[in-house]
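Me: I would like to go through this structure by question and answer. Please start with any term I need.

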Amino acid sequence: MFDEDDLQSIREGREEWEDETLQPTLDRFGERKEEFTTDTGGHEVDPLYTPDDISDLDYRDDIGYPGEEPYTRGVYPTMYRGRLWTMRQYAGFSTAEKTNDRFHYLLDEGQTGLSMAFDLPTQMGYDSDAEMAAGEVGKSGVAIDSLYDMETVFDGIPLDEVSTSMTINAPASVLLAMYIAVGDRQGVDRSELRGTIQNDVLKEYIARNTYIYPPEPSMRIITDIFEFCAAEVPKFNTISISGYHIREAGSTAAQEIAFTLADGLEYVETAIDAGLEVDDFAPQLSFFFAAYNNILEEVAKFRAARRLWHSLMEERYGAENPKSKQLKFHTQTAGSTLTAQQIENNVVRVAYQALAAVLGGTQSLHTNGKDEALSLPTEESVRTALRTQQILAHESGAADTIDPLGGSYYVEHLTDELEQEARGIINEIDERDGMRNAIEEQWVQRQIQDAAFERQREVEENERTIVGVNEFTVDEEPTEDVAEVDEEDEKLQIERVEDVRSRRDDEATEAALDALREAAEGDENLMPYIIDAVKAYATTGEICNAMRDVFEEYQPGTAL
């Protein structure tokens, strides 16, 4: 990218600077620590970067222009100069009515997209009155037992005017079917529905464990969703391949890239094996990453992930549609970095993480509330989190030019380092016969555990400073008000699901569930049958149980 004579001159100039300017200062004052490394992965950070550090890069092939391959600088030609990222605050708790109130509140405060959190029973495919659900109803998100709940959540919210992200995995087909059914009842054409379902079961086996079925039928359901949405709901992102939970489990930045993209490759290959053409479904794939505190490492991570995904889709699958090669992603600020101590500090952490996401070119963003280390966020902390994004968008100038850190010698060098490290990890996964086998062998989980252990050791031995935790501490108890879920809400939700069952046409419900079981035993696309069951007011648990009858449940330790 640079003339060799110029590079030689720069090398000589750097040597002269080191000898005549830097070294005398080091001899006199030293540096504040012996070694500088990136936040994760231990990449050594030099005191200075020059064009010589990126001399192997080709501008056109490795960096390029926004909206053009290899998408290092962004997937859209105008990026935020055309339209800002979607401000999509994650919300959902207790009952459908309370979640509807929170959604309206956020939209009134200027949020531009919805992001829906579900309680643990819903995530596991249980109804609120199931024995397994006791004590968990409405705690980590909203309880959705039937189409009635979904209709209530979106009461007064036209689905042709918002996009909705749903953080749901094993029962993603059921919740998507409910969303489609609400749109049908609002008279919204399915082709106009916009949003994302997480639908990423492989990371559940790695990091979260909210799976239901074994991998083979789970992957079948995912590819059924790909096929159905490509034909019926083309603006809906059919999967959000999630590095967020991998990073929150303790991975490094390079591992977050590699394991996330390796999951993506597994989904692509499964869909192709099922007979789908890559360019028919790949444009609807999306990704989900975490944003941590080391701003420059995170920016480089996002840029490296975009470039690597583009290369992999070309090299392995011959993707031709540009949209099949564009890595589009949502970002959430890092919940695991928030502290119960001095929680006001979390506002600052979230702001820096949000800045990293924007400088890295995210398509949508959730900023955490400062009190999420203690409880569900209050309305006040949710508003502050949203205002953080709005200040970043309208006051900081960060959104006024595209890829403002592009061309930074350090950022370009680090982007290249992270891409090479992530590619190396993916190559090792290939040598282990792919991601599913690497997960089955527990190799992926061990890599994350080792990285998490090392990070915790660094904190406990004061090698890594966490402000307010192991340095700059104060002796005081948290004084924040915390939001809590009313235990009466669980009783009301159980009464509601019982009422839905008492008022529906049981014969029609059973017929729809029987048809779903029969389809699951064959090879038809399951989505039309799930939508029929939803519209017959079969509950989430009943629909998932119908598929459990055929697919059974995944037991940890069995083959993937």
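This is a predicted model: local features need pLDDT of at least 70, side-chain atom pairs count only at pLDDT 80 or more; totals for chains, interfaces and linings use all residues.

Reply: Helices here are DSSP runs of H or I with at least four residues, numbered from the N terminus.

Me: Which helix gives the largest share of the lining of the second largest cavity?
Reply: The second largest cavity has a volume of about 60 Å³. Its lining includes S218, I221, I222 and I225. The largest share of this lining, 4 residues, comes from residues 215-232, which form helix α8.

Me: How many charged residues does the lining of the second largest cavity have?
Reply: N169, A170, S173, N199, V201 and Y213 are among the lining residues. By class, the lining has 6 nonpolar and 4 polar residues, and the number of charged residues is none.

Me: Is S173 buried or exposed?
Reply: S173 is part of helix α6, residues 172-186, and also lines the second largest cavity. Buried means a relative accessible area under 20%. The value for S173 is 1%, so S173 counts as buried.

Me: Which residues does S173 touch, leaving out those up to four places away in sequence?
Reply: V382 is 209 residues from S173 in sequence and 29 Å away in space, C-alpha to C-alpha. A contact needs heavy atoms within 4.5 Å. With residues up to four places away left out, S173 touches I221, I225, M527, I530 and M547.

Me: What is the relative accessibility of T238?
Reply: T238 sits in the loop between β5 (236-237) and β6 (239-242). Beyond its neighbours within four places in sequence, T238 is in contact with I197, N199, I225, F226, C229, Q284 and L285. T238 counts as buried because its relative accessibility is 0%.

Me: What is the volume of the largest cavity?
Reply: There are 3 cavities of 30 Å³ or more. Of the 13 residues lining the largest cavity, M79, V358, L359, G361 and D403 are the closest to its centre. This lining divides into 7 nonpolar, 3 polar and 3 charged residues. The space in the largest cavity is about 80 Å³.

Me: Which element supplies the largest share of the lining of the largest pocket?
Reply: The largest pocket holds about 1,800 Å³ of space and is lined by 49 residues, with T38, D39, R455, R464 and T465 nearest its centre. At least two lining residues each come from α9 (244-248), α12, α13 (345-359) and α17 (443-460). The largest share, 7 residues, comes from α17.

Me: How many charged residues are in the lining of the largest pocket?
Reply: Asp, Glu, Lys and Arg count as charged. The lining divides into 17 nonpolar and 16 polar residues, and the charged residues number 16.

Me: How many polar residues does the lining of the second largest pocket have?
Reply: The second largest pocket contains about 1,000 Å³ of space. Its lining has 44 residues, and Y76, R83, T86, N237 and Q363 lie nearest its centre. The strands β1 (86-91), β3 (163-166), β4 (194-197), β5, β7 (285-291) and β8 each supply at least two of the lining residues. By class there are 15 nonpolar and 6 charged residues, while the polar residues number 23.

Me: What kind of aromatic pair do Y59 and Y65 form?
Reply: The whole structure has 18 aromatic pairs. In the pair of Y59 and Y65, the ring centres are 5.4 Å apart and the planes are at 70°. Planes over 60 degrees apart count as edge-to-face, so the pair of Y59 and Y65 is edge-to-face.

Me: Why is the pair of F302 and F329 stacked?
Reply: F302 is buried at 1% relative accessible area, and F329 is buried at 3%. Planes under 30 degrees apart count as stacked. The ring centres of F302 and F329 lie 5.0 Å apart, and the pair is stacked because its planes are at 20°.

Me: How many residues apart in sequence are the parts that this pair ties together?
Reply: F302 and F329 belong to one aromatic cluster with F287, F289 and W309. F302 lies in helix α12 (residues 295-317) and F329 in strand β8 (residues 329-333), so the pair ties together parts whose separation in sequence is 27 residues.

Me: Which ring does the charged end of R247 sit over?
Reply: R548 lies over the face of Y126, 4.7 Å from the ring centre. The charged end of R247 is 4.2 Å from the centre of another ring, that of Y292.

Terms used:
Residues are numbered from 1 along each chain as its sequence is written. Side-chain values use heavy atoms; hydrogens and water are left out. Buried means under 20% relative accessible area, exposed over 50%, partly exposed in between (1.4 Å probe, protein chains only). On a 1 Å grid over the protein atoms alone, a cavity is a set of points where a 1.4 Å probe fits but cannot get out, and a pocket is an open set with protein on both sides within 12 Å along at least five of seven lines; lining residues have an atom within 4 Å of a point. Grid points are joined across faces, edges and corners, and a volume is the space filled by probe spheres set on the points. Rings of Phe, Tyr and Trp (its six-membered ring) pair if their centres lie within 6.5 Å; planes under 30 degrees apart count as stacked, over 60 as edge-to-face and the rest as tilted. A charge sits over a ring if NZ of Lys or CZ of Arg is within 6 Å of the ring centre and within 35 degrees of the ring normal.
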